[in-house]
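User: I would like to learn how to read single residues and the whole chain in a structure such as this one. Could we go through it feature by feature?

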Amino acid sequence: MNRPMLMLGNEAIALALIENGCRVAASYPGTPASEILSAVAKLRNDRGIPMHAEWSVNEKVAFEIAYTASVAGLRAAAGMKQVGLNVASDPLMSAVYSGVKGGFLVISADDPGPHSSQTEQDSRLMAMVAKLPVLDPDSPAHARDLVALGYELSEKFEIPVMLRPTTRVCHACQDILPGDSVPPAGEADFRKSPSRWAATPVFRNLLHKELTTKLAEIAGWAPTAPIRWNPDASGTRAVVASGVAAAHAREVLEGLGLWGSVPFYQVLQPFPLHADFVSHVLGSYGEILVLEETAAVIEMQLLDRGRVRGKATGAVPEAGELLPEEIERIVSEFAGIGAGKPAERGAPPPGRRPTLCAGCPHRASFYAIRRAAPNGIYPSDIGCYTLGLNLGAVDTVLCMGAAVGQAAGFYQAYRLGGKTVDIVATIGDSTFFHAGIPGLIDAAVQKAKFVLVILDNAMAAMTGAQPTPATGCGAMGEPTGIVDMEALVRACGAGFCKVGTPSRFDEFVALLKEALAYSRENGPAVVIAREPCVMSLGGKARADAPKAVVTDACAGCRHCVDRYECPAIVFDEDGKRACIDGFHCAGCGVCLHVCPLGAIRAGGGEGGAP
């Protein structure tokens, strides 16, 4: 406890939650936020803290559970990524009106870039829409500090507070000196007040007016006021920045020798921007450069485009990360010292496009889908299985759970023209629980004719192997209830629900064809492709797996490499033939069904030769 520890930003946030007496934490995994709850659960177990931590079925549920704990007087937090905030937006908008009793943090991790997201939306804009104060950390240590400040702000004004780390904060590492955990502060004590907690529209109007008053007071609260880091600097041009851009800007100003001549301000609370700060910078400087990711949240609150330079004026790119070299260019131009020499970048290193793991059961499922419905339409969803697009078995990816609705949409669109087409949608088990169920209910009611394949590997694999409602294990390793997926599918109204094992390839293809035949006549058919994620095997090949080898029948057509794309199948350019990489091979045996010439067979030996 008395020595610094190298921590991820997400681990620093989790530490701060524990240190500041968070009693209920809930989350749905999503990069870059996934490690927050895992770290909370570990700290909770290591320190024996009486708190509840859970992986919820989706972000909306996570928000509602944590928020309600704060209504009962406990400190709480809900964690998610920025697109997850969309799912939680309904309770978010209402909760800001009702307010809180115990401190409540909404941790929404943004992904400028984006590195692993379908959008790079700015959660601060959602905070503005909801009228929610938001804090913008620049580093893991800063995120830890702002958790404490956020709880103080939340409880002083009885309002939820958003903490908005970005990918470079969540996944950066920094030495952190752990502190002691705050003893649990009291027990749940819900004080009934229907006009607040169950407000009808007339009371909502009053709550909205109270919220407006709160925001005006928060815009003058000293602890979250912008920081002037170089008070001795003089000049008519100033730089204002927040988040990681502020950390980069400080280094750039020092590196360019501008630290003593360009006043620099860091905004901790982008919304509501402090009113006195707005008056100060507009009254003190002829030109102001605003650096922020991703939207122009601070810039639009300064309300003077004649002097403010930023995204609206074209001085700062509207999309993408503000990397140090980009900030150096922008600051150089703003300071009138030239465009600066752009950082030299070498050629990008050779790489391989993202692909499913060797032995991943999803690859077998996708290959089987192409075999069963070669001319089909393939809606899919968010998760590892998005990589099924490499196999030609994913045509659309929209958002969590959309595979089911889009499958129904394709069916209805073609039906209007009197046409039929095989539609095979894919969705992961965790994603099905998250957002796929309503779509399946609707499809069953409307008798939409398609096959839904639920890729059930017993975990949320892409985000770090978090449990699903069918796993029977919680975030802290505790036993939980188990949801029967097959019974749930049938309860949604699907008349066809069967379970198959993708690596039993021929059987699985036959099952898909059976489901297609059913769906063409009746409505949605569901196939649960159940096989554990290879990560759960600990790198070991399946004990009963056939050893695959490439025989001399290989003609070097590359079909197995290009169309099946297993990392364990490599192409020997010198020998003009495929080989099996025994180090990576997980022994699923599905490749035995892939070669059109039958050149991959079960056999002995190493290195891919019989």
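User: Does Glu-328 count as buried, partly exposed or exposed, and at what relative accessibility?

Analyst: A word on the source: this is a predicted model, in which local features need pLDDT of at least 70 and side-chain atom pairs count only at pLDDT 80 or more, while totals for chains, interfaces and linings use all residues. Residues are numbered from 1 along each chain as its sequence is written, and side-chain values use heavy atoms, with hydrogens and water left out. Buried means under 20% relative accessible area, exposed over 50%, and partly exposed in between, with a 1.4 Å probe and protein chains only. Glu-328 has a relative accessibility of 30%, so it counts as partly exposed.

User: Where does Glu-328 lie, and which residues is it in contact with beyond its neighbours within four places in sequence?

Analyst: Helices are DSSP runs of H or I with at least four residues, strands are runs of E with at least two, and both are numbered from the N terminus. Glu-328 lies in helix H14, residues 324-335. Contact means heavy atoms within 4.5 Å, and, with those neighbours left aside, Glu-328 is in contact with Val-252 and Leu-256. Val-252 is 76 residues away along the chain, yet the two C-alpha atoms are separated by 5.7 Å.

User: How should I read Arg-124, and what does its side chain reach?

Analyst: Arg-124 is found in helix H6, residues 123-130, and is buried, with a relative accessible area of 0%. Its side chain reaches the backbone oxygen of Glu-293 at 3.2 Å. Leaving out residues up to four places away in sequence, Arg-124 also touches others, among them Asp-136, Arg-164 and Thr-294.

User: What is the peptide bond from Glu-293 to Thr-294, and which residue has a positive phi of about 50°?

Analyst: Most residues other than glycine have a negative phi, and most peptide bonds are trans. The bond from Glu-293 to Thr-294 is cis, with omega near 0°, and Thr-294 is in the loop between strand E12 (287-291) and helix H13 (297-302). The bond from Thr-31 to Pro-32 is also cis, with omega near 20°. Glu-158, although not a glycine, has the positive phi of about 50°, and its place is in the loop between helix H7 (140-157) and strand E7 (161-163).

User: How many helices and strands does the protein chain have, and what share of its residues is buried?

Analyst: The protein chain has 20 helices and 23 strands, and buried residues make up 53% of its 610 residues.

Definitions and conventions: Polar contact = N/O pair within 3.5 Å; in protein donor to acceptor, adjacent residues only side chain to side chain.
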